[in-house]
Amino acid sequence: MLAELPGLGRAGRINGGAVSFGFRALRADDGEEDAWQARCSARGLIAVADARLDNRAELASALGLGAAESAGATDCELVLRAYGRWGGDCPLRLHGDYAFAVWDPAKRLLFCARDAIGARPFYYARGDGGRFVFASDIDAALAAPGVEDDLDETHAALHLMARTPAADSTFFRAVRSLPPGHSIAVNGRAERIRRWWRPEDAPDIRLGSNEAYRRAFLEHYRRAVRDRLDDTGEVGAHLSGGLDSSSIAVLA
């Protein structure tokens, strides 16, 4: 199995027996451990991720991590710990933008997931010898040996007609896209795709007055902005001129 998470910056490779993860980091920490790779030595789990978690404090508490341990953990390491605790249900615990893969050698299972709205991309294909290939970029998947670049004419036609293609299709027949809110578990040649998030499953909120709805919305809005700010106190905003970006800037 081969995986590549392309981007800009430092590159690396992680070997885990039956799997090999290649990655290029958009940014790197000052230390030796790259922010985009994590390894759990206790169980031999290995993960690569393109992730920004917004519920780090809540997640760390659920995982039983102390303040110092939580502060020093990368988002990828928290993803890895979440898989170690909750297995294939871990995406339900992760709030933010992410696409990740975890190799579980005890089960000989590759588990991959994408965030609920698909903010981070995830493509996959089968290469030479049935090798499972995944990447955050289509070009990286096509670069793997045995992945053909034949055009998916149906996808192209629907795109040109401003129609919506199948959620898992791309412009190339051999390359699939993992839909938002889905996970895929790979064991040898067997693949099991699961939809872990549905907007219709969100609970209804019933309040007593318009003022109560206003207060509840503002609290959710404030929390959403607060969760995306770091601890430096520094704020930058791109103002488009609309009410959404302006109100976000005011709250930040």
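Start by selecting R215 and E211: they form a salt bridge, with the closest N and O atoms 3.6 Å apart. A salt bridge here is a side-chain nitrogen of Lys or Arg within 4 Å of a carboxyl oxygen of Asp or Glu. Both residues sit in helix α6 (residues 210–227), and because they are four residues apart there, about one helical turn separates them. Helices are DSSP runs of H or I with at least four residues, strands are runs of E with at least two, and both are numbered from the N terminus. R215 is partly exposed at 47% relative accessibility, and E211 is partly exposed too, at 36%. (Buried means under 20% relative accessible area, exposed over 50%, partly exposed in between, using a 1.4 Å probe and protein chains only.)

A quick word on what you're looking at: this is a predicted model, so local features need pLDDT of at least 70 and side-chain atom pairs count only at pLDDT 80 or more, while totals for chains, interfaces and linings use all residues. Residues are numbered from 1 along each chain as its sequence is written, and side-chain values use heavy atoms, with hydrogens and water left out.

The axes of α6 and α7 lie 10 Å apart, at an angle of about 75 degrees. Those axes are lines fitted to C-alpha atoms over the stretch in contact, and angles run from 0 to 180 degrees between N-to-C directions. The two helices are therefore roughly perpendicular, a label for angles of 65 to 115 degrees (under 35 is roughly parallel, over 145 roughly antiparallel, the rest oblique).

Now show side chains. Which residues meet between α6 and α7? From α6, pick Y221, R222 and V225; from α7, pick D244, S247, I248 and L251. Contact means heavy atoms within 4.5 Å.

Next stop: R52 and D97. Their side chains meet in a salt bridge, 3.1 Å from N to O. This pair links distant parts of the chain, 45 residues apart: R52 is in strand β5 (residues 45–53) and D97 in strand β6 (residues 96–104). Is D97 buried or exposed? D97 is buried, at 16%, whereas R52 is partly exposed, at 26%.

Finish with R176 and D152, whose side chains meet in a salt bridge at 3.5 Å, N to O. D152 is buried, with a relative accessible area of 13%. How many salt bridges are there by this rule? The count comes to 16.
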